[in-house]
Amino acid sequence: MAELRVITFRPLNFGRWVIWGFTALLFALLPAFFSKGFALTLMSQMGIMIVFALSYNMLLGQSGMLSFGHAVYSGLGAFFAMHAMNRIAAGSLDWPISLLPLIAGLAGGFFGVIFGYLTTRKAGTPFAMITLGIGEMVFAASLMFPGFFGGEGGITGNRTAGPPLFGISSLTFGPQLQVYYLIAVWCVACMVAMFALTHTPLGRIANAVRDNPERAEFIGYNTQRVRWLMLILSSFFAGIAGGLTAINFEIVSAENVSAVRSGGVLLAAFIGGASFFFGPILGAIVFVFFSVALSEYTKAWQLYLGVFFVTLVMFAPGGLASLLLMNLRVMKFGKFKRLRDPYVGVLLTALTAALGTVMLIELTYHVTLDTGQGPVTRLFGIPMDTGAPGPWVLAAFVLLCGALAFEYYRRHFAECWSEIQIEIEDWIRDNPT
Amino acid sequence: MLEATLSQALYGVSYGLLLFMLAAGLTLIFSMMGVLNFAHASFYMLGAYIAYQFSTWFGFWIALGAAPLMLFILGVLVERWGLRRVHKWGHVPELLFTFGLSYIIVELAQVIWGRAAVPYRVPSELDGPVAWLQALGITFPQYRMFMMAVAVGMLVAIWLLLTRTRIGLVIQAALTHPQQVEALGHNVPRVFMLVFGGGSALAGLAGVVGGNAFVTEPAMAGTVGAIVFVVIVVGGMGSLAGAFIAALLIGLLESFGKVSDLSVVKLLASLGMPLAPDSTLYPVLTLTLSQVAPVLPYLVLVLILIVRPKGLLGTRED
């Protein structure tokens, strides 16, 4: 008989204080190291995306609901925040700019109540399709009511129009740095709140509904009610992310409720790892890196993001977080040394293959899209003539060599990897506790 | 008036049949493998692009056969080397795999054919209105008629294949009892692979005939994709007959909605209750049916979910 283990409830233990304190400190200190304009923009968007992706993961990771229309809540929240901002500017609303995300969150939650009632009647694949339909409906409707949504151009506002924060005249959210700190405060607060939610009875029963809805119903829970509640809370946080978007960009358009946004947050949450709380945080950072930083360099960034995503789905469905934790486990058991050489081989050959692919894609892209600029393009700073066969042959050669070598090293790596995993699992089985 | 209505009905039916061509492949794949293929609309788009390419090289009639064949091969490859690998992780990663694939396909099409629409035209043999309908006072393009013929031909072919051939019986049995079919010595994974390829080929065929009836551009996957999902939810997940009815319904709704200038305000006025332009809901109620046409399919979806969550002819609870 296994001994009964007593679990004490200590939500504010030392480890958590350290982790959250460290996170807050990191957010506070980052601008000291990255103070350039572009880095600040990037970090602001990462903060917003972290809130959005975590709110999405309340559905995907914690309640097992794959939504294709989550941008509806953040987008509508952003529209309400923008209208509130304009009211503040006009003097007809007395509300601090710093608390605008709260209005957006309530608006998001309100639509969560309405749409959630319809969507959460079903789980699984029908839920996915219905959210897609609702998302398309809201997007189509947003172009239909230009009075509220501003038509194609969207609506704009001015975040500095409100009264300054704490009465200090320089704190008007004009500079990007102040906006960053506002986002950081909201981001940390939302992260803590969403983490706390995973430990409430509702958060736990949501996990049960995800894993086995039938049993959850047997012990007396209405699974539809649980899904609905989770969706409402999730859309509240999504609304907050939308409100932060409105403050950050000072413009909200129909694009904010579009399927592109909904797909983006799905990619972000899944890339990071939906089965871990911190996964979407990683995913949000990577996603913003792709969509903001990489898009500065290449028009094909969505293609790269798609390939990256499909590769993860195929080989590591737990996302980046699971990759990280698996490697940490290998390190903890002191077996990483055996993986070092296979890793070097796999990574180097993968990089070579990727280089060849990128060259081919960029060359083709240049031919189809930038023909007006002449046949010569610059790849990694090197001029290449797309009219001559040379660059094409080189690209194909690099890709072929990389792919062949990669396949060889991949097999070797997979062998070592599964060997080590089996050893670790054997050890865990033989040494319980 | 009657002629105009008939012509609208024909437009609606032909659009509905095109939607059914897409929904049929999607439903077959879904009911067999439990996979909602998000890349289905991308296959449709790819079918149109490949047909365009082939029609510039060899003419339309070769393209009509070649594009579905290419899509069949692509579908088989995707199933064999992609989906089957992901299958062991469960349904959500399978769905996400096809979702990622749809991203990649649309992007690749842009790399190859550019971001603007390509000039994929109706073949000259089928250009112009149908003569005998013209004589009755109804203007209806020959090509739309051809589209309907292809869709109906495909419908009959699927029906014959599923009910009258040996492989069809195996497919039907594998829909509900895959383990037992496997125990009887049939290669069920191969059947899955063929069904996925076949479904992709149907999407490709829809692309060939739909691409030049509408516009061949990268956005065509997105515009039709969501509607097809509406069709299969409204029809009932996994029901071919339901998908057929829902596709016709949505098609007719689209074609009649687009030309109607009916609005709540007008309706009230005709009932003797004119609404003042300064009342609160006036901007909403003055919208005509043609203005709200884009949301109509989704409104149908919402209504069906409230009234009959299973869908029209659905049997599955979830």
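Let's start where the two domains of chain A meet: four residues of domain 1 of chain A are in contact with four residues of domain 2 of chain A. On the domain 1 side, those residues split into two nonpolar, one polar and one charged. Keep in mind that you're looking at a predicted model. As for the bounds, the domain assignment of chain A puts domain 1 at 14-317 and domain 2 at 333-430. Their C-alpha centres are 33 Å apart.

Now step inside chain A and pick out helix α7, which runs over residues 176-198. Its 23 residues take it 32 Å from first C-alpha to last, close to the 33 Å you'd expect at 1.5 Å a residue. What do they pack against?

Finally, zoom out to the two chains. Here 38 residues of chain B are in contact with 36 residues of chain A. On the chain B side, the elements giving two or more residues are α3 (60-86), α4 (91-113), α10 (220-235), α14 (289-292) and α15 (296-307). Which of them gives the largest share? That's α4(B), with 13 residues.

Terms used
Residues numbered from 1 in each chain as written. Chains lettered and ligands numbered in written order. Predicted model: local features only at pLDDT ≥ 70, side-chain atom pairs only at ≥ 80, totals over all residues. Helix = DSSP H or I, 4+ residues; strand = E, 2+ residues; numbered from the N terminus. Expected span 1.5 Å × (residues − 1). Contact = placed C-beta atoms within 7 Å. Domains from an automatic or database assignment. Nonpolar A, V, L, I, M, F, W, Y, C, P; charged D, E, K, R; others polar.
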